[in-house]
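Let's learn to read a protein model together, one feature at a time. Take a look at it first, and then we'll talk.

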Amino acid sequence: MTGKTHMAIGITAALTISYGQPLENQLIIVLASAISSLIPDLDHPKGKINQKILLIKSNFYRVLFYIFIGGIFIYLYYLMKSKIFLFLGIGSFLVGISSHRGFTHSIIGFLASTSIVSLGKLDYGLDAIYSGFIIGYFLHIVADLFTSKGVKLFYPLNNNISFPITIKTNSKFESMIFRLLVIYCVCILFIQIMII
C-alpha cells in the first residue's frame with residue numbers, strides 16, 4: 001500500500017478510538033498514529049519518512065544512514081546510561097540491515113518498536129503517544145498483509161504471509177479505500193465540531 005493510504009488508515013483508527021477524549025489526547029493519539037503508520041517502511045529507501053530524511057534515495061545509503069544513527073544512539077547510551085538509547089541504537093541497526101517488509105513488518109519488529117516507545121512512556125508519561133504508536137504501526141502491518149507480496153510476519157523466517165484477498169498497491173481500489181477513509185475522517189471531525 002502507499003504511504004498516504006497507511007496514514008489514512010492510522011488516522012481513521014486513531015480518530016475512532018480517541019473519540020470523546022479530551023482534544024489534547026486526541027491530537028496526540030492521531031499524530032502518533034499517523035507517524036507510526038509510516039515507520040515500518042523505514043526499511044525501504046522510498047518510504048515516506050526516508051524520502052524526507054535521506055539525502056540519497058538508495059538502499060545502500062539507507063543502510064549506512066541507519067547504522068550511523070544506531071551508532072550515535074549506542075554512544076548516547078554509554079554517556080547517559082539510559083536504556084532507551086540502547087534500544088534505539090539496536091533498533092536502528094536492525095532497520096538498517098532489514099530488507100523491505102522484513103524485520104520492521106514482523107511480530108518481532110512490532111514488539112521491539114512498541115517496547116522502545118513503552119520505555120519513553122514509563123520515563124516521560126507519554127501514554128497517548130504510546131496508544132497512537134501501537135495503532136498506526138499495527139495497522140500498517142495488517143494493511144500490508146492485504147498486498148500480494150505480504151510481509152515476513154515471522155521474521156527471521158523468510159516466508160511471506162498475505163491474506164487470500166489482496167489489494168494491488170496504487171490501484172483504483174486502493175484509491176477508493178483512501179477516499180472513503182478521508183470522507184469518514186471528515187465526518188468524525190464534523191460531528192465533533194458540532195458537539196463542541
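**Reading helices and rings**

A: Let's begin with glutamate 174, which is found in helix α8; helices (H or I, at least four residues) are DSSP runs, numbered from the N terminus. This is a predicted model, where local features need pLDDT of at least 70 and side-chain atom pairs count only at pLDDT 80 or more, while totals for chains, interfaces and linings use all residues. Residues are numbered from 1 along each chain as its sequence is written, and side-chain values use heavy atoms, leaving out hydrogens and water.

Q: Is glutamate 174 buried or exposed?

A: Buried means under 20% relative accessible area, exposed over 50%, and partly exposed in between (1.4 Å probe, protein chains only). With a relative accessible area of 2%, glutamate 174 is buried.

Q: Which residues does glutamate 174 touch?

A: Contact means heavy atoms within 4.5 Å. Not counting residues up to four places away in sequence, glutamate 174 touches Met1, Thr2, Thr5, Ile167, Lys168 and Thr169.

Q: How do I read two packed helices?

A: Two packed helices are described by the angle between their axes and the distance between the axes. Axes are lines fitted to C-alpha atoms, for helices over the stretch in contact, and angles run from 0 to 180 degrees between N-to-C directions. Here, helix α1 (residues 3-18) packs with helix α8 (residues 172-195) at an angle of about 30°, their axes 9 Å apart. α1 and α8 are therefore roughly parallel to each other (angles under 35 degrees count as roughly parallel, over 145 as roughly antiparallel, 65 to 115 as roughly perpendicular and the rest as oblique).

Q: And how do I read a pair of rings?

A: A pair of aromatic rings is described by the distance of the centres and the angle of the planes. Rings of Phe, Tyr and Trp (its six-membered ring) pair if their centres lie within 6.5 Å; planes under 30 degrees apart count as stacked, over 60 as edge-to-face and the rest as tilted.

Q: How many aromatic pairs are found in the whole structure?

A: The search finds 8 aromatic pairs. One of them joins phenylalanine 65 and tyrosine 66 edge-to-face, 5.0 Å centre to centre with 90° between the planes. Phenylalanine 73 and phenylalanine 85 have ring centres 6.3 Å apart and planes at 25°, so this pair is stacked. Phenylalanine 73 lies in helix α4 (residues 59-80) and phenylalanine 85 in helix α5 (residues 83-97), so the pair ties together parts 12 residues apart in sequence.

Conventions
Helix = DSSP H or I, 4+ residues; strand = E, 2+ residues; numbered from the N terminus.
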